[in-house]
Every structure is written in C-alpha cells, then in structure tokens.
Amino acid sequence: MRLTWLLLRRHRLFLGCWLLLLIAMSAGTVTAYQNTYPTGQQRRIAVALAQDNAATTLIYGRLPGPGTPAQMYVWEIGACTTILTAVFAILLTVSLTRAAEDDGTLELLRSCGLTVDQPLYAATGVLTACAGTLAAGCAVVVGVHGGHADGVTWAGSAAYGSVVGLTFLLFAALTMLLAQIAPTAGQARLLAFATMGASFTVRAFADTRPAGWLNWCSPLGLRATVEPFTTDRWTALSAPAAATALAIGAATFVARRREFGAGLLRRRDTRLRRLRIRSTAGLAARLTRASVLTWTTAVATIGTLFAAMGSGAVDQQRDGDIGGFLGAQLGDGEPAAGYLSYCGTVVGIMVCVYAVLSVTASRHAERLGLTDMMLATGARRWAPLASQATVTAAGAAIILAVTAMVTALIAPAVVEGDDITTRALLYTAGQWPAAAAITGCTVLLAGTAPRLTALAWLPLAVSAALALLGDLLEVPPRIQDLGLFGHVPDAAAADSTPVALLVLAGAGALMCLTGLIGMNRRDLVTG
Amino acid sequence: MTGTRHTHEPVIDVRHLVKRFGRFTAVDGLDLQVQPGSVHGFLGPNGAGKTTTIRALLGLYRATAGRIRVLGLDPARHADAVTRQLSYVPGEVTLWPNLTGQEVLDALAGLRGRRDEAAERRLTEAFALDPHRKVRTYSKGNRQKVVLVAAFAAPTDLLILDEPTSGLDPLMEVMFQQCVRDAAAAGRTILLSSHLLAEVEDVCDTVTIIKDGRLVESGRLADMRHLAASTVTARPPAEQFAAVMERLHRLGVAADSDAGVLHMSVPRTTVPAALGLLAEVEADDITCTPARLEDLFLRHYAVAAR
C-alpha cells in the first residue's frame with residue numbers, strides 16, 4: 001500500500017494533468033451537439049449524412065440511430081477520448097513499471113524487502129484508481145447535462161464512463177504485459193503504441209466492412225459493443241474486463257521469469273561500428289537518428305491515412321453541411337482545401353510534439369551532466385543547445401517532407417477536387433514554420449529558464465485546442481489567429497501570401513537566438 | 001602547447017573565488033594555485049565545494065566574485081579555448097546509453113578535434129575495457145574507465161579529475177595511479193580532487209584542503225606532515241601526577257588523564273622537551289606516535305551539515 005502511495009506521489013503531476021484533460025474534454029463538448037443542430041430536421045440530415053459516410057465511419061466508427069446529441073457525442077468526442085485515454089494508459093504504465101526499472105529507482109525499492117510481484121501490484125493499484133477516477137469523472141460530467149441535451153441519461157453516462165475507464169485499464173494491462181517482454185522501456189512504449197495502431201485499424205475495418213463482430217477483438221471497439229446512450233449493453237464489458245485480468249496475470253507470470261532490467265526479448269548490446277563526428281551537431285544528429293526515423297514513419301502513416309479518408313467528408317461538405325467537429329474543421333471555403341488544411345494541422349500538431357520532445361532532450365542531457373562532457377572537450381557554451389535546435393528543425397523538415405510527398409501521391413487518387421497534389425504538398429510542408437516557432441520557444445525556455453522548459457507544452461496545447469476546437473467553441477477568429485496552426489494559405493488561391501508563416505519562422509529564429517544568448521550567460525544546471 | 005603563457009605562471013590560479021547559489025555560499029574566498037607539471041591534490045569532505053570550484057574552472061559556473069585563470073585564460077570568457085586544452089573526468093559519469101564505449105571515445109575525440117588513437121588503444125587495453133559494448137550495459141566502474149581513457153589519451157596539458165576512482169576496483173586504482181605518474185612525467189599538470197587522503201598521498205606533491213568552501217591548508221605534502229602533532233601517552237608516578245601536569249602545561253601541552261594515564265597531542269617541536277620531562281620523572285609505558293597526516297586531515301573534516 002505504501003508503494004502505491006509512493007507511486008501516486010511521484011507521478012501526481014502527470015496523473016493530474018492527464019485526468020483533468022480527459023475529463024475536461026468530456027465535459028465541455030456535450031451540449032455543443034445540442035446547439036449545433038437545434039432542430040430535429042437539421043439533425044436528421046446530418047445524422048443520415050454521417051451514417052452514410054465512409055470517411056467519418058472510418059475515423060469515429062458507426063453512428064447509431066436515431067442520432068441523438070448524446071449518441072453523436074459518444075461517436076465523435078468518445079472516439080477522441082478513447083484514443084487519448086489509450087495514449088495516457090501506455091505512457092503511465094511504462095513509467096510506473098519498466099521506466100522505474102531502467103532508471104534504477106526500482107532497484108532501490110526492491111532491495112527494501114519487496115517481492116517481484118509487489119511493484120506490479122502497486123502499479124495495478126494506481127492504474128485501477130486512475131481508471132475509476134476517469135470512469136466516474138467522465139460519467140458525471142456527461143450525466144449532469146441530462147436535462148440540456150437530448151438522449152443523455154444517467155445509465156448511458158455510466159456506460160460511457162465505464163467504456164473510457166475500461167479502455168484505459170485494458171491498454172494499461174496490455175502495456176504492462178508488453179513491458180515485461182520488451183528489452184527496454186522505450187521499446188515497450190513503441191510496442192504498446194503499435195498495439196494501439198493495430199486496435200484502431202481493426203476497429204476501422206470492423207466499422208467500414210460488414211465485420212462488426214471484429215469490434216469485440218479491438219480494445220478501441222468498446223464504444224461499438226457497449227453502445228452508451230443506445231443499448232447500454234453492460235454485459236459487453238465482461239469480456240474486456242476478463243482480458244484485462246488475464247493480461248495482468250500474464251504480466252505477473254512473465255515478471256517472475258525474467259531478469260531484472262531485461263525483457264523476454266533480448267537486445268543487441270555490442271557493436272563494432274565507429275562514430276565519425278566533428279561537431280556537437282554531428283553528435284546530436286547521430287543521437288536523434290532513430291527517433292526521427294520512428295517519428296517520420298508514424299507521422300507519414302497517420303497523415304496519409306487522414307488525407308486518404310477525406311474523400312467522403314469532402315463530397316459531403318460539397319452537398320451540405322457536415323457540422324460538428326469535422327464540419328468546423330472544413331470551414332466555409334473549398335471543401336478539399338478545407339479538409340487538406342485540417343490534415344495539415346493534425347500533422348503540424350504531431351510534428352510540434354516531436355519538436356518540443358527533441359529540444360527538451362537537450363535540457364535532459366544538461367541535467368544528467370552530458371552537456372558538461374561535451375563542453376569539457378572545447379565545445380562552445382551555446383553549441384549543444386544550438387545543435388539540438390538545428391537537428392530538431394531539420395528533423396521536423398524531414399518528417400514533413402516525407403509526409404507531404406506520400407500524402408501528395410495518395411490524396412489525388414482518393415480526394416476529388418482541383419490542385420489536390422499541390423494543396424496536399426503545401427498544407428503539410430507549410431507546417432514547418434509552426435514547428436520552427438515551437439522549437440524556438442522551447443530553446444528560449446531551455447536557455448534562459450531551464451527548470452521551466454516543460455512550459456513549452458503550454459503554447460502547443462493552447463494552439464492545438466484553438467485549431468481543433470476553436471470554431472466549435474466559437475472562439476473569435478482574432479484569438480484563433482494567435483495560435484501556431486491554421487496559417488498556411490491555400491496554394492490555389494490568388495492571394496496566397498505566407499506572411500503569417502514568415503512571422504512564425506522569424507519568431508522561432510528570434511526566440512532561438514535569445515535562448516542561446518541566455519545559455520551563454522547562465523550556469524549549467526545539473527541534477 | 002599553451003602558446004603565450006609564461007612557463008612559471010601557475011596553470012590554475014584562483015584568487016578569492018566566491019560562488020553563491022541564491023543564499024547558499026558554496027565557495028567562500030578560495031585561493032588555489034597549481035604549478036605547471038605538478039600533481040595537486042584537492043581535498044575536502046563531501047560538500048566542501050570541490051566540484052563547484054572545478055565547474056568554475058571549466059567555465060560551467062560563473063564566479064560570483066574573485067578571479068580565475070586556467071592556462072592563462074579566464075574560463076568564464078574563453079571556456080572553449082580553456083577546455084580544448086584540458087581533460088576532465090567528472091565525479092559522476094553519465095554517458096549516452098545507446099552508444100558503445102568506442103563510440104563515446106570517438107565522439108569526445110571528434111568534438112575536441114585532436115586525438116591520439118595509439119594512446120587510446122593502449123589505455124583501453126590497460127584498463128581492461130571492452131569498448132564495443134553499449135554504455136547502458138556498463139557498470140559504474142566501466143563508465144568511469146571510458147572517461148579515464150578519453151582523459152588520459154587526449155593530447156592535453158592539464159587534467160582535472162573529480163573523484164576519479166570511485167567505482168574502480170583496487171587493481172584499476174593502481175593502474176590509475178600509474179597513469180597519473182606517467183602523465184606527470186610527460187610534463188602534464190594534474191588537479192586531483194578527492195575526499196580520501198590515501199588516494200592523493202601516493203601521487204601528489206602538493207595539496208589544497210578545503211572545508212565549507214574555505215581554504216584550510218595548502219602547500220607541499222612533505223611540509224604539511226610537520227604541521228601535524230604527535231600523540232604521546234605515559235603513566236607518571238602517582239605522587240608526581242599533579243606536578244607533571246603542571247610542568248606540561250608550562251610547555252604549552254594540554255594533557256588528558258584517564259585512570260592514571262596521560263594522553264597528549266604534542267606539536268613536533270615540543271616532542272623532545274615533553275619526552276625529556278616524562279623520562280626525568282621515570283614515567284612508565286611511554287609511547288610516542290609520530291605525526292600522521294590522516295589525523296590532521298580528520299581534524300579538518302569535523303564539519304557541521306550544510
């Protein structure tokens with residue numbers, strides 16, 4: 001029990017932020033569906049369009065009839081919430097289990113008389129508490145809208161909360177098992193995210209083909225099997241609950257049979273290769289090579305998938321108003337341009353996440369004393385941070401270039417409209433200034449106020465929220481314009497001047513410069 | 001290799017160094033001079049300010065007050081020029097876990113732009129290091145070996161070693177001492193920080209002892225031994241006990257008594273007079289333990305937590 005408290009204490013900030021984000025996301029949007037379609041007639045048209053649309057079905061699943069605001073909410077916001085819940089479960093479980101083993105903190109705890117199972121049981125305790133909070137939180141914040149949005153019932157809210165909570169616990173249990181198999185914490189994360197990708201693919205296949213039963217095989221298919229606010233099929237929770245128990249049991253079984261600090265899979269620990277570098281930039285490039293490759297694969301796959309799914313949405317937007325979250329993304333202009341712009345924003349957000357993580361690695365290196373080692377060889381004070389910034393900007397360019405090229409190849413085949421290739425190319429590649437700006441912002445913090453580097457997530461989170469939810473929540477355009485995204489002009493439009501992009505890139509460069517000057521003037525902060 | 005610097009000028013010259021972190025003063029008016037070609041021990045208990053001073057020497061910290069010159073340059077302004085000419089071994093070695101030992105050696109030498117591969121190979125072998133394993137599989141001692149090989153093999157004038165042997169086994173410690181002697185013989189200057197006297201006693205010519213960020217003692221080791229006091233014990237005849245105490249007191253020696261036995265700490269110059277007195281009164285069980293540097297050192301180590 002003490003260990004559970006220790007874990008809670010250690011991860012309280014991470015836990016608190018994610019729980020707040022997920023519950024707040026469920027809270028703010030439920031009435032938006034009631035307000036978007038105030039009359040039954042409007043809603044019936046929108047529901048018919050959505051049910052008939054392959055693209056939205058692929059992203060969100062099937063919209064059950066009659067399509068009350070509560071059902072639309074679970075269909076759209078529920079899809080986003082369950083995916084984010086899975087991400088949260090994966091990140092939290094790995095840091096509770098394998099990461100503590102890799103960084104050496106668990107070693108110390110194990111030497112205090114703990115059994116092999118106890119750390120896993122404590123982690124399970126934290127994860128269960130988290131799942132419970134998430135389930136209760138989501139159920140309550142939706143349930144209170146009972147009188148204000150059609151179709152919202154307490155039973156349905158409880159079913160929805162349970163779906164979110166159990167999705168969390170199921171991914172946590174699967175990750176816990178994978179964390180016993182993978183050779184390192186990083187690879188455990190990678191395997192778990194691959195599992196999440198597979199779950200999404202299975203769910204998308206199940207919903208777009210006559211293969212609905214496949215939803216029973218996907219951890220992301222819980223919304224389709226339980227159907228909150230439609231049938232509230234509570235029995236559908238039993239199979240995933242059993243799978244969760246089984247995965248935890250298997251994780252414990254494997255944990256007893258593996259070496260401390262090593263998974264069932266062995267890793268390659270020897271290498272004869274030499275390293276030919278002459279500068280801190282060379283070293284930074286070598287150290288981030290693998291991560292750029294992973295990010296490029298992931299972003300190009302997701303970005304292309306998004307662009308490819310747009311055909312239905314674009315056609316539908318031409319015929320009438322899609323409304324809701326996706327409708328807000330497409331805007332009032334040319335539907336193909338609107339959709340590709342939305343895809344660009346999604347890619348842009350992912351690349352900015354990469355940029356913040358990549359620059360933050362420099363701060364991590366400083367804390368560990370690695371920067372000391374570099375500086376003690378005669379490198380200039382600002383060089384390690386500058387190199388990391390350069391490598392990050394170059395990495396973002398590579399990710400965007402590959403994604404843009406693949407998208408530009410695939411999109412014209414599936415999306416109907418003019419200048420699809422050019423638009424796909426430029427809407428994606430045009431995200432680079434946003435990545436440069438957030439890189440600059442992170443460098444500024446790492447250089448001048450190293451302990452506050454994590455604050456770089458704030459402008460990114462706010463910008464992402466403005467770009468994705470701004471129209472839905474009716475935020476004035478002049479405030480939306482302050483965000484990092486949505487500034488890429490339509491390549492096919494006559495007056496496409498990229499002033500905002502130049503401002504973003506310029507601001508990025510300026511912040512970088514200020515950060516590097518700050519770095520030159522301050523003490524190195526280790527520990 | 002250092003160009004314009006005058007050969008007799010100290011390689012490290014620190015005057016009245018003060019370094020504060022907020023309200024905490026880590027180093028308080030420290031002086032430190034290291035002469036060219038010498039092996040200088042930098043001693044002090046944990047938390048005395050050794051690492052802070054070293055980080056200021058490398059230009060990683062900016063001095064709050066005072067003047068620092070390393071190889072004739074101010075490290076706060078010319079950190080790159082200073083560090084290019086010195087090798088550094090940190091107290092706590094962290095390396096890139098995904099690189100192999102060899103790749104770390106390549107990286108450090110590549111950044112410096114100068115390297116002696118033959119020396120590197122020789123030292124890798126001498127320290128019995130397998131350079132093809134990834135750093136994350138290395139023990140603390142093996143990580144230390146990677147940095148020691150990089151430091152000794154680099155063509156530099158000055159070595160700054162911050163508690164470099166923590167984590168090495170006794171055999172490798174002997175190897176380390178050999179490397180220090182070889183480096184000194186080759187005319188390189190070495191600043192060796194440690195909290196263990198025994199470690200520096202064998203290889204250092206001069207030492208600086210600091211405590212609570214302040215200088216306690218500095219000079220040649222041979223001279224310092226004279227500063228230490230000898231311990232004398234004796235059992236004087238019971239009837240003369242009070243008189244002996246009185247006469248010792250007049251010699252400037254304070255003696256404790258325990259069940260008729262006197263214990264006293266006698267400065268080196270007073271030892272003949274004190275022993276003469278004890279012989280004169282025909283005291284029994286006279287012992288005289290010569291000055292031990294360890295005692296001097298331990299006396300300085302008695303510090304309050306800060």
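Domain bounds here come from an automatic or database domain assignment. The structure is a predicted model, in which local features need pLDDT of at least 70 and side-chain atom pairs count only at pLDDT 80 or more, while totals for chains, interfaces and linings use all residues. Residues are numbered from 1 along each chain as its sequence is written, and chains are lettered from A and ligands numbered from 1 in the order in which they are written.

**Exercise 1. Into which domains is chain A divided, and how far apart do their C-alpha centres lie?**

Step 1: chain A splits into domain 1, residues 2-256, and domain 2, residues 280-521.
Step 2: between the C-alpha centres of these two domains there are 27 Å.

**Exercise 2. How do H17(A) and H21(A) pack?**

Step 1: find the helices, which are DSSP runs of H or I with at least four residues, numbered from the N terminus (strands are E runs of at least two). H17 covers residues 335-368 of chain A and H21 covers residues 432-448 of chain A.
Step 2: take the geometry, with axes fitted to C-alpha atoms over the stretch in contact and angles running from 0 to 180 degrees between N-to-C directions. The helices pack at about 25 degrees, with axes 9 Å apart.
Step 3: angles under 35 degrees count as roughly parallel, and H17(A) and H21(A) are therefore roughly parallel to each other.
Step 4: look at the contacts (C-beta atoms, placed from the backbone, within 7 Å). Among the residues that meet are A:Gly348 and A:Val351 in H17(A), and A:Ala434 and A:Ile438 in H21(A).
Step 5: sort this contact by class, which gives ten nonpolar, five polar and one charged residues. Here Ala, Val, Leu, Ile, Met, Phe, Trp, Tyr, Cys and Pro count as nonpolar, Asp, Glu, Lys and Arg as charged, and the others, Gly among them, as polar.

**Exercise 3. What is the strand order of the open sheet in chain B, and which strands are at its edges?**

Step 1: strands pair if DSSP finds at least two bridges between them. The six strands run in the order E5-E6-E7-E3-E8-E9, with mixed pairing.
Step 2: E5 (86-89) and E9 (214-220) of chain B are the edge strands, each pairing on one side only.
Step 3: zoom in on E6(B) and E7(B), which run parallel and are joined by five bridges. B:Leu159 stands opposite B:Ile190 in E7(B).

**Exercise 4. How many residues of chain B are in contact with chain A, and which helix gives the most?**

Step 1: 28 residues of chain B contact 26 residues of chain A.
Step 2: H3(B) gives the most to chain B's side, with eight residues.

Note on methods:
Two residues are in contact if their C-beta atoms, placed from the backbone, lie within 7 Å. Angles under 35 degrees count as roughly parallel, over 145 as roughly antiparallel, 65 to 115 as roughly perpendicular and the rest as oblique.
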